[in-house]
Amino acid sequence: MKANNQVVLITGAGNGIGRTLALAYAGQGARTILIDKNKESLEQTAELIRSAGGLLMPLTYALDLSEAAQIESFFAWLREHTDRLDVLINNAGLGAWKSIYDLSVDEWDYVIHTNLRASFLCAKESAKLMRSNGGGSIVNIASTRALMSEPNSEAYAASKGGILSLTHALAASLGPDGIRVNAISPGWIENGDYSQLRPEDHSQHPAGRVGKPDDIARACMYLTDAGNDFVTGTNLVVDGGMTRKMIYIE
């Protein structure tokens, strides 16, 4: 699965899964367009791509995805730099982990706007570029927390559940324009020091290990490969089997 000559837009590319996605696509020969709220982290990702010998240098743009006006300005800027877009990966996301009794409306809105509304707006504007060039692929990064929850995760869970519904709605709407839309729901993906994980962290997964950002990158590569044009409207759960495991306390 190659991304040669693809133009790929990745949100939340400053660290974690987003940075790994940026490096993976650039390494496959894609021209990457990277956005993140943290300008310094974004430039660090770009420098890693340059250091790895990427043939096509990334374009970077810092913005706050919770602000609709900033998204609009970004796409106006993007249209000045390219008339083509093949892939959008809506990866950026955050949460507000606090009791529902303490969660404010502003905190709720910030999570929903950053995770869900931004995914819609980026998909809408990206689809305009894709349609004019015969189609493309959109991948929305959701979460297994769209399917199950822990306490104090209401805003995050609602935003990720909304992303799953948005995904199949977009797939139906954009299919006639040759645009495929899919979601990936990661489970535990360790972005820190993998060597510090405990044996029990790994053994509780049916797959026998905790996930890595590379696992999500490979899933994205599959979904955005032009040869997989029969896959749209789906949610690919990448969680080592955890959401299918029954838990008993003895």
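**Helix H3 across strands E1, E2 and E3 in the predicted model.** In this predicted model, helix H3, which spans residues 68-81, lies across strand E1 (7-11), strand E2 (31-36) and strand E3. The direction of H3 runs at about 160° to that of E3.

**Helix H7 on the sheet.** Helix H7, formed by residues 213-224, packs on the sheet and touches E4, E5, strand E6 (179-186) and E7. Its direction makes about 160° with that of E6.

**The open sheet and its edge strands.** Seven strands, in the order E3-E2-E1-E4-E5-E6-E7, form an open sheet in which the pairing is parallel. Strand E3 (59-62) and strand E7 (235-238) stand at the edges, and each has a single partner strand, so one side of each is left without a neighbour in the sheet. From one strand to the next, the twist averages 15°.

**The pairing of strands E4 and E5.** Strand E4 (residues 87-90) and strand E5 (residues 136-141) run parallel and are joined by four bridges. Within this pairing, leucine 88 stands opposite isoleucine 138 in E5.

**The packing of helices H1 and H2.** Helix H1 (residues 16-27) packs with helix H2 (residues 39-51) at an angle of about 30°, and their axes are 10 Å apart; angles under 35 degrees count as roughly parallel, and H1 and H2 are therefore roughly parallel to each other. Their crossing is right-handed. On the H1 side, Arg19, Ala22, Leu23 and Ala26 meet Ser41, Gln44, Thr45, Leu48 and Ile49 in H2. By class, this contact has five nonpolar, three polar and one charged residues.

Conventions: Residues numbered from 1 in each chain as written. Predicted model: local features only at pLDDT ≥ 70, side-chain atom pairs only at ≥ 80, totals over all residues. Heavy atoms only, no water. Axes fitted to C-alpha atoms, helices over the stretch in contact; angles between N-to-C directions. Helix = DSSP H or I, 4+ residues; strand = E, 2+ residues; numbered from the N terminus. Parallel < 35°, antiparallel > 145°, perpendicular 65-115°, else oblique. Left-handed = near helix turned anticlockwise from the far one by under 90°. Contact = heavy atoms within 4.5 Å. Nonpolar A, V, L, I, M, F, W, Y, C, P; charged D, E, K, R; others polar. Pairing = 2+ DSSP bridges.
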